[in-house]
Amino acid sequence: MWLLSYLRWHAQRRAVAKRPVAAPNGLLARVWLLLVLALLGGPARAAQPEDTLAVSPSNPALYLEENYYSMLEDPTGRLRLADVQSPAWSHRFVVLRGSGHPPNIQHPRSTYWLRITVRHAPAENAAWYLELYDSHIGQAVFYGPRPGSATAYDSVATGASHSFATRPHPYKNFLFDLPPRPGETATYYLRLHSDTRTSFRAMLHSGAGLIPELSLQYWLLGMFYGVLFIMVLYNLILFFFLKERTYLYYVLYVLSGTLLFLTEDGLGFQYLWSASPELNHFVGALAPVLLLLTFATYASGFLDTASRLPALHRLGTWVVGGSTALLVLDAAVVHSGFSFWLYLLPYGLLYYAAFRAYGSGLRPARYLLLAQALVAISLTFLIMRKLGINFYSNVYTVYSLNAAFVVEVVILSYALGEKLKGLMDTTLLTQNRLLKQLRKKHQAQDRLVEQMRENQALKDQLNTELEGLVALRTAELRQQNDTVAAQNRELLQANGLLALQSAAIEKLNGDLSRDLHAEKAARIESKEVDFGEFSQIYPDKDACLRYLADLKWGHGRYQCRKCGHEKSCEAREPHARRCTRCRYVESATAGTLLQKCKFSIVKALYAVFLMHAHKGNYSPSELARILDLRQATSWAFAQKVLQALQRRRQAPDFEEGEPWTHVLLDAGTEAEVEENEAVKAVD
């Protein structure tokens, strides 16, 4: 349910973000905008121009160091290219090297401008390409000078929040064209905005060297996913043959890791959900949570923490559950950008559990320790990049997590096989011991038969001895029977305990259902529900009538409106009461705002709730749109509710913040109905 809620929330959020912002008109509005940005941006700094990046065909790939581009943070998100090129803002660009600013988006609410100056070679005849490595940038707009012009700029808008078809090239990262400009120096701009702490890492590629490099990347990634597919298929076959559940946990863990890497390297967005940027954002938030849950399940089953370390197993269950809840909350609501810290505690606890299991005699646990150590080292580089710390950042550290994960899944598969081999060896050893005992028993039986054959001729002499042996054997069998009977009693007691646990679980399920219903009712009182959730609590006319009947007559509050008698019984009409003295029948809606309502009672109940929640400031047209009513019907009912609200505010027992049910039982409703009926009778 929370997944659908998150998708709905994200879609609404994207719709609001795409609404056009009215640009300020006139000189006064532009001055106001500049003043606000000046206050938010802090004091002006002296101009710090970035270094000019000289490109040459002899060097087909150039990594953009921090001194080659400057950055401008726009907290309002309203600056345009003409604004940042103006003298008032161009000197505010800051070169990242030596400025103390990390090379990534630190404030997800701000927009960041990057400026890059490139000097093209005099004999240049091939195009260049600017590649942004981080595929999670929500919005990326690239501005490049038009060919033959130094002032007019063309723009290309794309990003992870847009469809994959908006990208200039069908590539997993963002790739922008820099057409040939022989001997010229051109300035390029990037306008970046993202909901996550994405980095500014970029590289320039020449047209001649781009294709081989991209081919090598896709070839290596194909090998990476091929190894993962082979490990999934191999262990899935082992699960079907051996029926060992830990193999299934392993397969789920590898699939979760595969989903995470598909979102991190952009291949999932390119090939699987290219037309659904919302799904791309959702999968990127969900994949790490699934990876944590599946790894915790696999590690618990592999280490047998439930039997070996029960206290640590219970603690780990609570820690993993709490971390999962916080991760979901951060992804759906908070968007802090520091959610990766929430993974440290559960993974650290699982690593400690593996260390304890290894100390208790589980030898295969050393492979889990080794595999997680490799992943932890590679995650160190990833966390450093997320924090904007340039710590030994190169192509090896960028893809070290892929290599570490492949090594990890291979090691964990081998560790699982070694564990099962150890269990099989122990089983075979036990079976061999049983076979030896059975062989000895058969040998003893053979000797006994031979002795009985010999004693057949000497039965008169050895009769007393044989009777003693038979009695001894009978005592042993009786003792074995007593042992079996005791075991049967223990099994019966265990079955009784299981039955008690089942009853307790059923009781807990019932309590949970009631708590969920109570929580929804509490949310109605806190005015946080829409019509969908409201109709789940009051789904039909019967539920609404039952609710009104409880309000009117609950806890023995019944009193006949005709004779004042306080005893009643059920009537034919649903949830109506019949007076036992005068036989007067009173419906559940009589004396309430819903009496003689001309449309669905569910919609009427929700309309009263909305009008009370907004203190009467809710337009009838909006009410008609939400409830699918005619304008005249909505207006008439809204006037009726407004009059009831006014009478309620004038009541001597009125209290601010009182529940909306006081308006339902408005005393003036019955008087108006009786007055209307009297007028009709006179006419």
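**Helix packing and sheets in a predicted model**

Helix α18 crosses α20 in a right-handed sense (right-handed if the near helix is turned clockwise from the far one by less than a right angle, left-handed if anticlockwise). This is a predicted model, in which local features need pLDDT of at least 70 and side-chain atom pairs count only at pLDDT 80 or more, while totals for chains, interfaces and linings use all residues. Residues are numbered from 1 along each chain as its sequence is written, and side-chain values use heavy atoms, with hydrogens and water left out.

The α18/α20 pair packs at about 50°, and the two axes lie 10 Å apart; axes are lines fitted to C-alpha atoms, for helices over the stretch in contact, and angles run from 0 to 180 degrees between N-to-C directions. The two helices are therefore oblique to each other (under 35 degrees counts as roughly parallel, over 145 as roughly antiparallel, 65 to 115 as roughly perpendicular and the rest as oblique). On the α18 side, A604, A607, V608, M611 and H612 meet F637, A638, V641, L642 and L645 of α20, contact meaning heavy atoms within 4.5 Å. Sorted by class, the residues of this contact come out as 9 nonpolar, 1 polar and no charged. In that scheme Ala, Val, Leu, Ile, Met, Phe, Trp, Tyr, Cys and Pro are nonpolar, Asp, Glu, Lys and Arg are charged, and the others, Gly among them, are polar.

Helix α19 packs against both of these helices. With α18 (residues 601-613), α19 makes an angle of about 140° at an axis separation of 11 Å, which means that α18 is oblique to α19. That crossing is right-handed. K603, Y606, A607 and L610 of α18 meet L623, I626 and L627 of α19, and the contact has 6 nonpolar, no polar and 1 charged residues. As for the other pair, the axes of α19 (residues 620-627) and α20 (residues 631-649) come within 8 Å and cross at roughly 120°, so α19 is oblique to α20 as well. The crossing of α19 past α20 is again right-handed. P620, S621, L623 and A624 of α19 make the contact with Q631, S634, W635 and A638 of α20. These residues split into 5 nonpolar, 3 polar and no charged.

Turning to the sheets, one is open and has 4 antiparallel strands in the order β2-β11-β6-β9; strands pair if DSSP finds at least two bridges between them. Its edges are β2 (61-63) and β9 (174-178), each with a single partner strand, so one side of each has no neighbour in the sheet. Direction ignored, neighbouring strands are turned by 20° against each other on average. Within this sheet, β6 (residues 128-132) and β11 (residues 202-206) run antiparallel and are joined by 5 bridges, with W128 bridging to S206 in β11. Helix α5 (residues 207-242) packs on the sheet and touches β2, β6, β9 and β11, its direction making about 115° with that of β11.

A second open sheet holds 3 antiparallel strands in the order β12-β13-β14. Here β12 (568-570) and β14 (585-586) are the edge strands, each with a single partner, so one side of each is left without a neighbour in the sheet. Antiparallel β12 and β13 (residues 577-579) share 3 bridges, and E570 sits opposite R577 in β13.

Strand β10 (residues 185-193) is paired elsewhere, running antiparallel to β5 (residues 111-119) through 8 bridges; R115 stands opposite Y189 in β10. Strand β7 (residues 139-145) also runs antiparallel to β10, through 5 bridges, and A140 faces L192 there as its opposite number.

On confidence, the chain averages a pLDDT of 76, and 81% of the residues score at least 70 (pLDDT is the predictor's confidence in each residue, from 0 to 100). Confidence is highest in β7, at 91, and lowest in helix α1 (residues 2-17), at a mean of 35. Residues 1-47 stay under 50 and have 47 contacts beyond four places in sequence in the model. Where pLDDT is low, the predicted coordinates should not be read in detail.
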